[in-house]
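User: I am new to this structure and would like to be walked through it by questions and answers. Could you take me through it step by step?

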Amino acid sequence: LLSKIFCLTQHDTSFTFNPLTKNSPNQTQSLSPSITTPTPNTNRHTMTPRRHLRLLGLTKPTRSTTSVPTMRRHYATKYTAKITSTSPTGLSVSAEVTPPLPLPTDIRGYALPRRDLICKATQILLRQSPSATSSEPFSDLSDYLSSLSLHLTSSEASEILKSLNCPDLAIRFFRFCPSLSPNFHHDPFTCNRLLLILSKSTSPARFDLARSILRDMDRSNIRGNISTVNILIGLFGDTEDLQTCIGLVKKWCLNMNCYTYKCLLQAFLRSHDSTKAFDTYLEMRRRGYKLDIFGYNMLLDALAKDEKVEHAYKVFDDMKKKHCEPDEFTYTIMIRMSGKLGKGDESLGLFQEMITKGCSPNMIVYNTMIQALARSKMVEKAIIVFSKMVENNCRPNEFTYSVILNLLVAEGQLGRFDKVVEMSKKYMTKSIYAYLVRTLSKLGHAGEAHRLFCNMWSFHDRGDRDAYMSMLESLCSAGKTAEAIDMLSNIHEKGVTTDTMMYNTVLSALGKLKQVSHLSELYEKMKLDGPEPDIFTYNILISSYGRAGKVDEAVTIFEQLENSDCKPDIISYNSLINCLGKNGDVDEAHMRFKEMQEKGFSPDVVTYSTLIECFGKTDRVEMACRLFEDMLAQGCYPNIVTYNILLDCLERCGRTAEAVDLYAKLKQQGLTPDSITYAVLERLQSGSHRRVRVRRQSPITGWVVSPLR
């Protein structure tokens with residue numbers, strides 16, 4: 001009855017009745033419809049009470065001989081219901097019911113999303129709503145929608161997904177939506193929104209989730225659109241999934257557009273499949289589509305790297321014919337490709353074409369051009385291009401100088417490098433000088449490095465620490481210790497403070513050359529003027545004095561180390577044990593070995609190998625074997641050098657059986673014998689047990705030891 005009243009009572013007519021209540025004898029027992037006469041309106045027809053009752057189905061229609069005016073409903077008519085209940089005391093309560101307005105639609109007839117509902121639902125899912133009390137946000141969302149008798153539309157679900165950047169939460173919401181209403185169905189737009197979220201994710205599971213969404217779409221008979229395919233192409237990277245995307249185009253009866261081809265082309269390039277990328281490009285051409293400058297450059301770069309020269313030139317020619325002018329990056333790709341093929345003249349032609357078309361070469365273009373000429377060994381043209389680079393105020397970097405430097409060294413024209421430095425003097429920074437000095441030193445041109453360093457010394461008021469460090473290393477490597485000491489003394493004039501690393505570099509060089517007097521003087525100067533020696537300084541001094549046979553000086557340095565802020569480490573003990581053992585004081589070396597164990601240091605393979613060799617030299621084979629067994633017991637695995645030392649010791653003493661057993665252990669440990677091992681085995685087979693051996697350098701410590709032929 002109420003629904004009929006709701007549907008049939010006009011906006012300008014108030015319909016009042018007293019409901020029949022069986023349990024209330026004070027109320028009337030019959031319906032008493034009454035009509036409230038509206039404001040007169042000549043445009044509307046008067047409706048009688050009987051007609052109201054007949055329309056409500058409460059009276060039978062009667063045949064009338066008089067004509068009744070026909071009621072005409074206008075399109076703008078709105079209906080409401082006003083229900084009044086009157087009590088026996090005469091009090092009445094009225095309620096006016098207005099039907100809900102239909103959802104607003106756009107010009108295509110699709111329902112517009114309700115923004116307030118979207119914001120509230122998003123807040124509940126993201127836990128930003130203060131009214132969200134449940135631990136499960138989807139329960140809160142379901143309760144909220146049920147309390148207002150609201151149902152989500154697919155467009156509203158898509159808008160909510162737009163705010164959910166978390167893939168897991170988006171997937172759960174996507175699968176939760178159909179449970180809200182039996183009439184809810186996902187459409188391609190909600191699926192696209194979810195796939196777009198997955199494409200931006202870095203989760204390893206994003207590919208499997210995307211495949212599961214496709215399966216859900218298939219089960220629900222949802223046909224995706226071309227945007228679905230585009231998103232999937234961007235998401236998947238391997239060839240198998242790309243073929244699946246192409247299959248969806250046929251399955252859903254779609255037509256690939258220009259953007260789809262671009263996505264597919266980039267996907268093939270990301271999977272390093274330039275062949276399929278080129279085939280895709282040809283298909284685009286057949287359909288009349290063309291790439292933009294970015295797509296052309298990506299395709300050209302991939303083809304050039306794969307050395308598909310003919311394809312690259314075809315794309316380059318098409319690019320110019322399709323009114324897509326090449327830019328600096330395009331020419332850089334083509335110049336680099338031609339340079340790798342050794343076609344320096346062709347690269348130079350492309351470079352000149354680029355300048356003719358008004359492109360301004362940058363540092364990358366110049367470097368690529370110079371490198372292409374260097375590959376073709378065109379020294380003169382490379383220097384000309386470099387001069388043009390400087391004239392056009394394009395700053396060279398370290399790579400530029402290194403290409404020219406390597407070219408001049410390879411062609412035996414290093415003397416021309418002074419001209420290169422001179423023409424770019426305004427760009428020669430201290431870091432560039434440092435790089436060139438270091439490069440020349442590594443290439444074995446210490447003289448040129450020193451001359452360039454002197455040029456920097458006179459040109460710059462303040463020096464560069466890296467440049468000075470490079471020069472020190474160069475001088476020390478070349479054995480020019482006097483120049484290194486002189487430079488170390490004068491370095492403060494250029495505002496560079498000497499540090500421990502600089503002193504350690506020079507001290508190490510002096511020690512290797514056994515220049516003990518200069519070593520002692522520099523160490524005293526270091527203690528007097530600074531900087532403070534560190535653990536590396538002390539270790540270098542101990543090794544250097546030991547190498548020169550200065551055992552007392554080495555012990556003194558070790559004692560100074562113990563009394564300093566630095567404390568001995570395992571390298572300090574190894575150096576001292578090596579010094580004592582190689583200079584005949586094996587018992588003192590063994591005592592230091594025990595001392596380092598008492599102080600908590602675990603001997604390493606160098607420690608054991610050194611002591612085993614020292615005992616072997618003094619024919620104390622039993623002690624050497626005992627140390628070897630102790631080494632294994634302590635979990636310190638011997639290397640091939642250790643085995644060679646002990647094998648030589650056993651062979652010299654004629655203990656052939658033990659030597660053979662030791663060789664079996666070597667093989668069992670998985671070590672590979674070297675030339676020294678086979679030399680010892682050869683002597684074992686020949687029965688030659690000579691006491692005299694040619695002395696050579698130990699591969700462990702660098703010391704000259706007894707040994708193996």
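User: Which helices do the buried residues of α5 pack against?

Analyst: This is a predicted model, in which local features need pLDDT of at least 70 and side-chain atom pairs count only at pLDDT 80 or more, while totals for chains, interfaces and linings use all residues. Residues are numbered from 1 along each chain as its sequence is written, and side-chain values use heavy atoms, with hydrogens and water left out. Helices (DSSP runs of H or I, at least four residues) and strands (runs of E, at least two) are numbered from the N terminus, and buried means under 20% relative accessible area, exposed over 50% and partly exposed in between, with a 1.4 Å probe and protein chains only. The buried residues of α5, among them Ser-154, Glu-156 and Ala-157, pack, by contacts (heavy atoms within 4.5 Å), against α3 (115-125), α6 (167-176) and α7.

User: How many helices and strands are there in the protein chain, and what share of its residues counts as buried?

Analyst: The protein chain holds 35 helices and six strands. Among its contacts with a separation of 6 or more, 61% join residues 24 or more positions apart. Of its 709 residues, the share that counts as buried is 44%.

User: How much space lies in the largest pocket?

Analyst: On a 1 Å grid over the protein atoms alone, a pocket is an open set of points with protein on both sides within 12 Å along at least five of seven lines, and lining residues have an atom within 4 Å of a point. Grid points are joined across faces, edges and corners, and a volume is the space filled by probe spheres set on the points. For the largest pocket this space comes to about 540 Å³.

User: Which helix supplies the largest share of the lining of the largest pocket?

Analyst: The lining has 16 residues, with Tyr-110, Ser-154, Ser-155, Asp-187 and Phe-189 nearest the centre of the pocket. Counting Ala, Val, Leu, Ile, Met, Phe, Trp, Tyr, Cys and Pro as nonpolar, Asp, Glu, Lys and Arg as charged, and the others, Gly among them, as polar, the lining divides into five nonpolar, five polar and six charged residues. Both α5 (154-162) and α7 (188-199) supply at least two of the lining residues, and the largest share, four residues, comes from α5.

User: How many disulfides does the count come to?

Analyst: A disulfide is taken to be a pair of cysteine sulfur atoms within 2.5 Å. Cys-191 is buried at a relative accessible area of 0%, and Cys-324 is buried at 12%, whereas Cys-253 is exposed at 62%. By the sulfur distance rule the number of disulfides is zero.

User: Where does Glu-307 lie?

Analyst: Glu-307 is not a glycine, although its phi is positive, at about 60°. Because its relative accessibility is 61%, Glu-307 counts as exposed. Its place is in the loop between α13 (293-305) and α14 (309-321).

User: What separates the C-alpha atoms of Ala-446 and Leu-475?

Analyst: Ala-446 is found in helix α22 (residues 446-459), and is buried, with a relative accessible area of 18%. Beyond residues up to four places away in sequence, Ala-446 touches Leu-440, Met-471, Ser-474 and Ala-478. Ala-446 and Leu-475 are 29 residues apart in sequence, and their C-alpha atoms are separated in space by 7.0 Å.

User: Is Leu-646 buried or exposed?

Analyst: Leu-646 is found in helix α33 (residues 640-652). Leaving aside neighbours within four places in sequence, Leu-646 is in contact with Ile-612, Ala-624, Cys-625, Phe-628 and Leu-662. Because its relative accessibility is 2%, Leu-646 counts as buried.

Terms used:
1 Å grid on protein atoms, 1.4 Å probe; cavity = no way out; pocket = protein on both sides within 12 Å on 5 of 7 lines; lining within 4 Å.
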